[in-house]
Amino acid sequence: MRASTFICIGSVAGLLLSASVLMAQAPPPARGYVGTEACRECHDSYYRSYMQTSHGIKEDKRTPEAKFGCETCHGPGAEHVREQGGEVPGNGAASGGAIQVLGPKSKLSVEERNAVCLSCHETMTTKVALWHGSPHESRSLACTSCHSIHGGHPKNLAKPTEVEVCTTCHQSVKAEIHKNSHHPVREGRMTCTSCHNPHGTVTDKLIAANSINEKCYECHMEKRGPFLWEHPPVTENCTTCHTPHGSSHPKLLAAKTPFLCQSCHSNSRHPGTLYALSPQAVAQGLSAFQALNNRAFYRNCLNCHSQIHGSNHPSGKSLGR
Amino acid sequence: MTRRGKGFILGGAVLLVSIFLPYGWAQEEKPSEEAQPTVTVQTEVTAAAVSNLRDSAKFTEYRAFPPGSWGDVTVRYRRGAYLLEALAKNVARDDQLFRLTSQRFGWFKLDLTYDKIPHRFAFDARSLFAGVGTGYLTLSPRLQSDLQASLSPTDLASRVSSYLAGAATVDEALFRKTFQADLKVVAWDPFRLTAEASREKRQGTRPFGGNFGFGNVVEIPEPIDYDTTQVRLAAEYGRKPFFVNFSYAFSDFANNIDTLTWANPYRATDSTSPTAYLQSYLAGPATGLIDLYPNNRAHTFSLTGVLMDLPLKSRLSATASFGRLTQNDPLVPYTTNQAIRRGAPSGVPGEPVPFDAWDRASLPVQQADLRVDVTQVQLMLTSKPLRFARLRLKYNFYHWDNKSEQIHFPGYVRMDAVWEPEPAANVPTGFKRQSFLVDVGLDVWKSTTLTLGYRFLRTDRVFREVAEQDDHFWKVALDTTPLSWLTLRAAYERSQRRGEYDFRVPFIASHLGEEVERPPQLPFLRKYDQANRDRDSVLLMAAVSPLDTLTLSGSVVYGKDDFRDSPFGLLDDRRTVYSVDADYTLTERVSLFAFYSREDFRSRIRARQWVPVGVGDPYVRETGLDSLSNWTSDEKDKLHSLGGGLQAVLLKPQKLTASVDYTYSKSDGAVAFVSPVGTAANDANPFEPVGFEQVDDVRFHVLNARLRYAVTRGLTYTVGVLWEKFRYDDDLSTVGFVYIPVTATGAFNGATLMGTQLRGYNATVVYMKVSYTF
């Protein structure tokens, strides 16, 4: 092929490419769009709150502000402006449809509301990639049930903190995090999403890891093992013995020791022993420290079996070394 | 230059200009005011006075309230698309946080964080030991000799009590200090890259149980000095209809104090006792050795893919991950007790110790060399085949494949006191879970969805009692918002677990496949994590917003587990939680909230007290389910939590605001026992057992009150008070607590304690805060 032909093809290709780039840069002539300034005339506080969020960052081409501003999510506003008796500026001569209210009072279905958010967020991050088929999606939860772009709260939450949002429905957890033994949630050092991904995961209970144990090991990695002498229920599931949201028993245990341990261990000699006071001991006013032995009082089983999660000691098969 | 060459150059120039000219022109389109840099500085200084700070470590369990002052600073620099933010919180406190964020919107975000979190266990615990915080806890030889010379258990209790009275006190706590760097690059969207790295240092001490025999428990401070390094790299592509994410995660845990050697207060010299049941001062080791958590490492590769926009509004997602966990610490010797040497008596008469048990060379292997491979695969298909129907199909596979070899030990040393010639091998348990789920959601009415679901879970285990277990789950749920101000949710799930239980499996595995005559476990007991189980759970929830300013919600959660096929072990388990919540904006200036929750838990277990070939023996003397040595415990917990608060704007607009909130939690636990009463000849526990009325009982008040005055938009003053009262009573750990327990006759009762049990407190923090933003 001759060089001149190459030049012509290259130039045409370049011009076509330029045209597409130019076309991509400039906003298309949008039917029914009135522009953000028109929205601000009546909804300035909403605009200001939206501009405080990452959605209002024009420099990030993925954001609504880099596209059609308010109308990116709420739809073209010409009809709405006309209904309110306003002048429709610019290219709003033709109607583009009704404005979309996305909050709790929306007349749209949950699926329709979510489609607005997911049009961007579904492919933006792994966190939301498994939303479809997740427990919250299956229970018809809308994005705006938990999030509000106009709320002014961190992570665009509908309430000031994650705990307040989640415990709106998961009310029993609110009481649990106030219990005696707890993760540092109420101290603000952990939050619900430290362990869960409410948008969908591969694991039960929306745990943000391949299994419950693998999530626990992210902070408690010393218990990951593997150990020479395993404690099998530990390896299978930490929640066999622990209740991670909170417990009235020490160490987030699901029940009081030694009775928790005796649920599985009724071996000969001391494991199956009835650790209770006798009427005579009670009549004498004896405490557990006087009337019982070191397998019952204080930390009971854990007084000796301190390596309860597993042991690497050749003499540690009873998890006491 | 030839004409062809000039032609190429000209064509190339046209091509390059036509690409970059419009891009560069587009870059010029920035409103001039947004390119102006802005700097915002927020500072906050708090001065506080704290009362009764050291009543209990519980008050500052995960936080710090140093008397005096501390500060917070946030500096924000923004210029166009670039943001630089520096945050310093709780500066100079044990719970301080620093973060530096550098971000170019649409390009990248880099966060550098330093976070310190305390975890306090006890103040003023008494310790006889020197070397607290290290791997060597020592005692003075004079003390050990004096205690070893005790004349009787009563004499022993008296001697050690006098030493403990003069012992030093230690605070037991650990601190997590984490350095973390997170980088996200979105510049090449839809391709994105993430890199995260962290290094955590955890140091301190933690209460720990050491023992030298059944009659000699010594509470010691476990030294904590951990380093954990975690790295995660991910690459993803996200543009419809595809989403793909590939990641690699690495985690390395290093314990800088591998072992803990601690002195036995009651023995200055090593000896071996035939049974380890002898009184502490009469026999046993001079030191003990615990192998603390071993170093371990994990690598995980994961791939997630989603295919969207398939026919019938379907999408397919798939996740696969593979991980490898390894641990190869050197093994410690069987014991440090020099008296357990070749030829010394063992726990079985006529079978002397075969070698020097304190010599590492006597071990069958020198390193642990353990490995687990973890594989997970999930496939999920969601679809909306009809306008009113949704379908979800999911398959999940998870395999914890323990590749560790079994190591055959000819015996072990019990509590560093005596050689037990019982051959045993480690049991590398593993499991595999496969589940299949089908869910159908039907829009049965306006804003009403009925969900029907079924899930099947198959669990296969290696070396555990139930080799193959099936769980079936059936679920029905109704979610409806019939009115814009009313949301109702109801859900019921029923599950059934079934599997063949063989209690001998772990013992056979421990004996390398050989049958064990009369394993020490009660043959009728079923461990609840594997036992046949019927489970019912119900959730009811209602949320009402009759006014824009008022929201009321309530829920009931009920759960019941029945282990009908378990003659012994956990028999059943019940849980009921009632909750109500209210939020009310009384006026535009005043808002209120309140909540109440009540929880009831109940669980029952049945067990048997027995000795081999003796009373209650299920193999020889009492082979049926009934026995006078049986006992049942009935554990109940009742918890109440309530709270409320208000926020009020006293002077508008936000000039003077006040807020008060109060929460109260009350927990009452109790354990009752039932056991038939016989005689010593036919009943291993021949007494009428009395239950415990105070089991982890808690009363916890928190009152928080603040008054905030905005002098100007940037300057505010806040005064506040935080009052907390915590009370804890437990019949087994606090009632009648003494550092050296003694029996009714004053004899040493087998424990030397540091006093790290939970304690109550009544603390108040009064503070003043000045915040300035410019």
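This is a predicted model: local features need pLDDT of at least 70, side-chain atom pairs count only at pLDDT 80 or more; totals for chains, interfaces and linings use all residues.

Visitor: What ipTM and pTM does the model score?

Guide: The ipTM is 0.91 and the pTM is 0.90.

Visitor: And what does the pLDDT of chain B average?

Guide: Chain B averages 92, with 95% of its residues scoring at least 70.

Visitor: Where does pLDDT stay under 50 in chain B?

Guide: One such stretch is residues 1-10 of chain B, for which the model has six contacts beyond four places in sequence. Residues 12-34 of chain B are also below 50, and that stretch has 18 contacts in the model beyond near neighbours in sequence.

Visitor: How should coordinates be read where pLDDT is low?

Guide: Not in detail.

Visitor: Switching to helices. How do the axes of helix 2 and helix 3 of chain B cross?

Guide: Helix 2 of chain B covers residues 141-148 and helix 3 of chain B covers residues 153-165; their axes cross at roughly 160° and come within 9 Å. An angle over 145 degrees counts as roughly antiparallel, so that is how helix 2 and helix 3 of chain B lie to each other.

Visitor: Which residues make the contact?

Guide: From helix 2 of chain B, they are Arg142(B), Leu143(B), Asp146(B) and Leu147(B). Helix 3 of chain B brings Leu156(B), Arg159(B), Val160(B) and Tyr163(B). By class, this contact between helix 2 and helix 3 of chain B has five nonpolar residues, three charged and no polar ones.

Visitor: Now the cavities. How many are there of 30 Å³ or more?

Guide: The count comes to eight. The largest cavity holds about 80 Å³ of space.

Visitor: What lines the largest cavity?

Guide: Residues from chain A and chain B line the largest cavity. Chain A gives Ala175(A), His178(A), Lys179(A) and Asn180(A), and the chain B residues include Glu599(B), His640(B), Lys666(B) and Val698(B).

Visitor: Which strands supply at least two residues of that lining?

Guide: Strand 30 (630-651) and strand 31 (656-674) of chain B each do. By class, the lining of the largest cavity has six polar, three nonpolar and three charged residues.

Visitor: And the second largest cavity, what volume does that have?

Guide: About 60 Å³. Among the residues lining the second largest cavity are Arg54(B), Asp55(B), Phe121(B), Phe123(B), Gln757(B) and Arg759(B).

Visitor: How does that lining divide by class?

Guide: The lining of the second largest cavity divides into five nonpolar, four charged and two polar residues.

Key. Residues are numbered from 1 along each chain as its sequence is written. Chains are lettered from A and ligands numbered from 1 in the order in which they are written. Side-chain values use heavy atoms; hydrogens and water are left out. pLDDT is the predictor's confidence in each residue, from 0 to 100. Contact means heavy atoms within 4.5 Å. Axes are lines fitted to C-alpha atoms, for helices over the stretch in contact, and angles run from 0 to 180 degrees between N-to-C directions. Helices (H or I, at least four residues) and strands (E, at least two) are DSSP runs, numbered from the N terminus. Angles under 35 degrees count as roughly parallel, over 145 as roughly antiparallel, 65 to 115 as roughly perpendicular and the rest as oblique. Ala, Val, Leu, Ile, Met, Phe, Trp, Tyr, Cys and Pro count as nonpolar, Asp, Glu, Lys and Arg as charged, and the others, Gly among them, as polar. On a 1 Å grid over the protein atoms alone, a cavity is a set of points where a 1.4 Å probe fits but cannot get out, and a pocket is an open set with protein on both sides within 12 Å along at least five of seven lines; lining residues have an atom within 4 Å of a point. Grid points are joined across faces, edges and corners, and a volume is the space filled by probe spheres set on the points.
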